[in-house]
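Trainee: I have just opened this entry and would like to understand the words used to describe it. Please show me the picture, and then let me ask about each term.

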Amino acid sequence: MQFLYKKILLIIVLAACSFFGSAQKKEILNHIEPPFWWSGMVNSELQLLIHGENIADFKVDINHSGITVKGINKVENPNYLFVDITISETVKSGQFSIGFTNGNKNFSYEYELKPRTKRVTEGQGINNSDVIYLITPDRFANGDSSNDSTEDTIEKVNRKDENGRHGGDLKGILDHFDYIQELGVTTLWLNPFLENDQPAYSYHGYGISDFYKTDSRIGSNEDFISLVDKSHKNGMKVIMDQVFNHCGAGHWWMNDLPSKDWLNQWETFTRSNFTNIASSDPHASASDFNLLTKGWFDSNLPDLNLENKYLETYMIQNSIWWVEYAGLDGIRMDTYAYPNQGAMSRWMEALTKEYPNFFMVAETWAERASYLSYWNNETANRNGYVSNVNSVSDYPLYYSIIRAFSKDGDIYELYETLAEDFVYGNPNNNKVFNGNHDVDRLLALLDGNVDKLKLSMVFTLTTRGIPQIYYGDEILMKNKRPDGRVREDFPGGWKEDTRNAFTKTGRTAKEDEVFEYIKTILNWRKNASSIHNGKLTHYKPLDNVYVYFRQTDTENTMIMINNSNKNHETLDLSRFKESLQGYSKGINILTGHKVEGLNTVSLPKNTAMIIELSK
């Protein structure tokens with residue numbers, strides 16, 4: 001009986017200890033990030049950000065075979081610890097305990113290592129066979145109206161406000177996945193979908209308040225995985241838009257920064273000069289350079305200081321976490337030229353080490369190829385900097401596209417810009433585009449000329465590089481900025497919409513004409529190896545007619561663009577004989593018509609031909 005009494009007493013004591021330990025853990029710990037990790041990663045090092053009241057007063061211990069505490073780092077704020085651990089390659093997936101002790105206070109936290117998934121380690125990557133479709137999630141389609149406004153976020157839905165949240169979400173994209181597939185793109189790029197908990201102007205996604213959580217108004221982390229999985233099952237790929245330069249003012253750490261240098265701080269609010277060239281200009285003043293790299297994008301977008309080594313590691317690990325967790329195929333890095341250059345180069349190096357074939361495109365908003373080449377290089381720049389970038393946003397070519405196809409534009413613009421490709425490390429990896437979320441709609445910039453929009457699509461989808469188009473341009477969206485207008489709602493994405501442009505019957509005749517035109521090119525392009533892998537050979541434009549070829553050893557495609565108001569009834573092809581040698585006929589993939597003999601062709605004004613040649 002006495003033994004039984006002691007046993008019961010021991011159980012009560014242990015339960016009480018467990019309760020008090022659990023209570024202490026709940027009271028003290030606020031965040032541990034990354035929230036979990038994986039066994040078997042190439043890089044065996046992991047740094048845990050641990051946030052809690054006076055957590056720096058605690059000793060940290062991990063007693064688990066194969067896991068070693070390499071370092072415990074205290075910072076300016078006693079509410080943070082940065083714990084470096086090494087994970088042996090022999091460690092299996094599962095949970096391990098992290099012990100916290102401070103005098104008579106002690107508790108443990110169960111941290112999880114998940115098994116790596118085969119679909120990630122085999123990664124698809126993005127290449128020249130792909131075409132990227134850019135979507136602003138809040139403006140594409142509302143699949144779940146129950147999450148339009150949520151209790152855990154401040155800004156509520158208001159579709160009447162062009163700068164407000166409209167209710168688009170991940171389910172809306174999934175609901176209209178068939179439309180995306182029908183169009184013929186192969187890759188989805190979503191503007192940021194992570195939590196943006198701010199009182200206003202949070203729909204665009206670039207003011208992230210939690211780097212590990214999907215915004216509840218967009219969906220959940222699981223919803224995003226569902227989109228990636230559905231894309232992969234249907235032969236498509238997904239790019240995630242990530243941001244290292246800044247966070248949102250609503251981020252949880254803004255109320256309790258780890259250290260003053262976690263952000264680039266100024267005595268008063270100081271906006272960036274947005275002069276990207278200052279990052280590569282050998283003659284740039286220190287003040288211009290600092291204003292670019294340390295000034296804030298806006299008062300609600302605090303500028304992150306990647307010179308802080310803990311923050312650099314945090315952001316790199318977050319990037320890897322999303323690749324591994326969601327099975328991403330690529331990352332588009334926002335404002336790549338703004339943060340610390342060394343940190344961004346190390347980010348590229350870390351991702352490449354973990355995923356050798358992974359695709360990373362840097363947003364590098366430079367209007368000249370010479371500026372852009374600073375980031376797209378294969379060797380060190382003159383200052384010794386190596387970017388490690390494997391793709392850049394080709395803004396020089398974008399501006400040439402707009403100028404070339406604008407009213408009275410000269411297509412020589414394209415020829416001249418491409419002639420500067422010698423400055424790049426690999427121009428074939430450049431992301432080529434004729435529209436995105438930061439500029440006026442393509443049709444607006446082309447003065448409402450639908451024929452010129454079609455010509456710009458022909459060029460974008462057949463020139464060198466990896467093409468990207470912006471949602472809605474295929475149905476002639478035509479708004480000019482401000483931003484909220486160019487990121488407009490896709491008609492038919494909301495139950496109350498009066499028409500549904502996701503369907504043929506819901507599109508106007510002209511909208512459907514353009515949709516079918518682009519669809520034809522995109523679906524042909526999927527199997528056009530000459531466009532994927534072919535050498536680009538172009539000829540100096542004459543009379544505003546541009547002719548170029550994409551040619552491999554076995555396939556050859558001739559693209560002809562008449563950018564003039566002049567009909568060419570019998571355009572002489574003899575000037576292109578070096579590229580036509582061995583070929584005698586072809587098919588115009590835009591019309592399906594055969595082209596017999598390659599001596600002359602008829603090319604009406606403001607039209608194009610894509611001729612798949614044969615012998």
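**How the terms apply here**

Trainee: What share of the contacts in the protein chain with a separation of 6 or more comes from residues 24 or more positions apart?

Mentor: Those residues account for 73% of such contacts. A contact means heavy atoms within 4.5 Å. Before we go on, this is a predicted model, where local features need pLDDT of at least 70, side-chain atom pairs count only at pLDDT 80 or more, and totals for chains, interfaces and linings use all residues. Residues are numbered from 1 along each chain as its sequence is written, and side-chain values use heavy atoms, leaving out hydrogens and water.

Trainee: Why is Thr417 called buried?

Mentor: Buried means under 20% relative accessible area, exposed means over 50%, and partly exposed lies in between, using a 1.4 Å probe and protein chains only. Thr417 has 13%, so it is buried. Its place is in helix α12 (residues 412-418), and it touches Pro396, Leu397 and Ser400, not counting residues up to four places away in sequence. Across the protein chain, buried residues make up 57% of the 615 residues.

Trainee: What makes the pair Thr417 and Ser400 a polar contact?

Mentor: A polar contact is a pair of N or O atoms within 3.5 Å; within protein, one must be able to donate a hydrogen and the other to accept it, and residues adjacent in sequence count only if both atoms are side-chain atoms. The side chains of Thr417 and Ser400 are joined at 2.5 Å, and that contact qualifies. Another case is Ser216, whose side chain makes a polar contact of 2.7 Å with that of Thr150. Ser216 sits in the loop between β12 (210-214) and α6 (221-233).

Trainee: Why does Ser216 count as buried, and Asp543 as exposed?

Mentor: Ser216 is at 16%, so it falls on the buried side. Asp543 is at 51%, so it counts as exposed. Asp543 lies in the loop between β19 (535-542) and β20 (545-551), and has a positive phi of about 55 degrees although it is not a glycine.

Trainee: Which residue shows the class in between, partly exposed?

Mentor: Asn54 is one, with 33%. Asn54 lies in the loop between β3 and β4 (59-61).

Trainee: What makes strand β3 largely enclosed by the rest of the structure?

Mentor: Seven of the eight residues of β3 (residues 45-52) are buried, so the strand is described that way.

Trainee: How do you know that β3 pairs with β6?

Mentor: Two strands pair if DSSP finds at least two bridges between them. β3 and β6 (residues 80-87) have seven, in the antiparallel sense, with Leu46 opposite Ile85. Strand β1 (residues 29-33) also runs antiparallel to β3, joined by four bridges, and His31 stands opposite His51.

Trainee: Why are β16 and β17 called edge strands?

Mentor: Eight strands form an open sheet with parallel pairing, in the order β16-β15-β14-β13-β10-β9-β18-β17. The strands β16 (391-392) and β17 (431-433) each pair on one side only. Inside that order, three bridges join β9 (residues 132-135) to β18 (residues 466-470), and Leu134 stands opposite Tyr470.

Trainee: How close is the length of helix α9 to the expected one?

Mentor: The expected span is 1.5 Å times one less than the number of residues. Helix α9 (residues 341-354) has 14 residues and reaches 20 Å from its first C-alpha to its last, close to the 20 Å expected. Its buried residues pack against α7 (286-294), α8 (309-326), β14 (330-334) and β15 (359-362).

Definitions and conventions: Helix = DSSP H or I, 4+ residues; strand = E, 2+ residues; numbered from the N terminus.
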